[in-house]
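Biologist: I would like to go through this structure with you and ask what stands behind each term. Please set each value against its rule.

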Amino acid sequence: MKNIISTSFVAAALLVSGASLSTAKMPAKADTAAPAMNMDKGSFVKQVQSSNMFEIESSKLAQQKARDGDVKEFAQQMIKDHTKVGKDLKSAAKVDADGMLSPKHAAMLETLKGASEQEFQPLYIEMQNVAHMEAVTLFATYAKGGDDDATKAFAKKTLPTLEMHKMHVAKLVAAH
């Protein structure tokens, strides 16, 4: 029942923002998940900045609102790792600003903020699951077909961390 509730909240948040849950059917490995296609640096940076900001802000909420220690521990790791990703992106892509949340990520964050104590944790876990599937695909795609060598190197270097996050959150999904 919890998974049905959390999935419907995630689906509602993503539908409001125009996204879809189709990424939930992606292969586990980034090499097979992302087709070799060209992606421009500006689009990649914008998406990474929004995703990164969502990861950090939603995880700060989880530090306060999650019930279980393993979820709070995961959230702390997300804050630490995604703060580093943001710094590394700025250095590699030569950008100054942190960017801003996309409408999709803003809607997801607002959904989390408005979630009841009982709804929050399963919703956070499911959103992290979807977000990390999308992030792995985004980074793998840019690593294969990006238009800036330094930013491509950043994507390749960061991808294993995101894959680790994806596996970690999959364990949380299974455990909760």
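Biologist: What share of the contacts in the protein chain with a separation of 6 or more comes from residues 24 or more positions apart?

Modeller: The share is 79%. Bear in mind that this is a predicted model.

Biologist: What is the mean pLDDT of the protein chain?

Modeller: The mean is 85, and 79% of the residues reach 70 or more. Over residues 1-34 the pLDDT is below 50, although this stretch has 53 contacts in the model beyond near neighbours in sequence. Where pLDDT is low, the predicted coordinates should not be read in detail.

Biologist: Which pattern does the protein chain follow along the sequence?

Modeller: The pattern is α-α-α-α-α-α-α. The protein chain has 7 helices and 0 strands.

Biologist: How do you know that the span of α5 agrees with its number of residues?

Modeller: At 1.5 Å a residue, the 12 residues of α5 should span 16 Å, and the end C-alpha atoms are 16 Å apart, so the two values agree. Helix α6, residues 117-145, can be checked in the same way. Its 29 residues reach 42 Å from the first C-alpha to the last, close to the 42 Å expected.

Biologist: What makes α6 mostly covered?

Modeller: Of the 29 residues in α6, 25 are buried. For the protein chain, buried residues make up 46% of the 176 residues.

Biologist: Why is H132 called buried?

Modeller: The cut-off for buried is under 20% relative accessible area. H132 has a relative accessible area of 0%, so H132 is buried. This histidine lies in helix α6. Leaving out residues up to four places away in sequence, H132 touches E55, F74, M78, H82, L162, H165 and K166.

Biologist: How far apart in space are H132 and H168, C-alpha to C-alpha?

Modeller: They are 10.0 Å apart in space and 36 residues apart in sequence.

Biologist: Why does H105 count as buried?

Modeller: H105 has 7% relative accessibility, which is under 20%, so H105 counts as buried. H105 is found in helix α5. Buried residues of α5 also include K104, A107, M108, L109 and L112. Leaving aside neighbours within four places in sequence, H105 is in contact with S50, S51 and F54.

Biologist: Is K94 buried or exposed, and why?

Modeller: Exposed means over 50% relative accessible area. K94 stands at 68%, so K94 counts as exposed. K94 is placed in the loop between α4 and α5. Although K94 is not a glycine, it has a positive phi of about 60°.

Biologist: Which residues have the most contacts inside the largest nonpolar core?

Modeller: They are F54, L112, F120 and Y124, in a core of 20 residues. Helices α3, α4, α5, α6 and α7 each supply at least two residues of this core. The most comes from α6, with 6 residues. A second, separate core has 19 residues, among them M39, F44, V48 and A140.

Biologist: Which residues does Y124 touch, not counting residues up to four places away in sequence?

Modeller: Y124 touches S58, S59, A62, V71, F74, A75, M78 and L112.

Biologist: What makes F74 and Y124 an edge-to-face pair?

Modeller: Two rings pair if their centres lie within 6.5 Å, and planes over 60 degrees apart count as edge-to-face. The rings of F74 and Y124 have their centres 6.4 Å apart and their planes at 65°, so the pair passes both tests and is edge-to-face. F74 is in helix α4 and Y124 in helix α6, 50 residues apart. Both residues are buried.

Biologist: How many aromatic pairs does this rule give?

Modeller: The count comes to 6. One of the pairs is F44 with F154, edge-to-face at 6.4 Å centre to centre and 70° between the planes. This pair links helix α3, which holds F44, to helix α7, which holds F154, across 110 residues. Ring pairs also link F44, F139, Y142 and F154 into a cluster.

Biologist: How do you know that F44 and F154 are buried?

Modeller: The limit is under 20%. F44 has 0% relative accessibility, so F44 counts as buried. F154 has a relative accessible area of 4%, so F154 is buried as well.

Notes
Residues numbered from 1 in each chain as written. Predicted model: local features only at pLDDT ≥ 70, side-chain atom pairs only at ≥ 80, totals over all residues. Heavy atoms only, no water. Helix = DSSP H or I, 4+ residues; strand = E, 2+ residues; numbered from the N terminus. Expected span 1.5 Å × (residues − 1). Buried < 20%, exposed > 50% of the residue type's maximum accessible area, 1.4 Å probe, protein only. Core = buried A, V, L, I, M, F, W, Y, C linked by side-chain atoms within 4.5 Å. Contact = heavy atoms within 4.5 Å. Phe/Tyr/Trp six-rings, centres within 6.5 Å; stacked < 30°, edge-to-face > 60°. pLDDT = per-residue confidence, 0-100.
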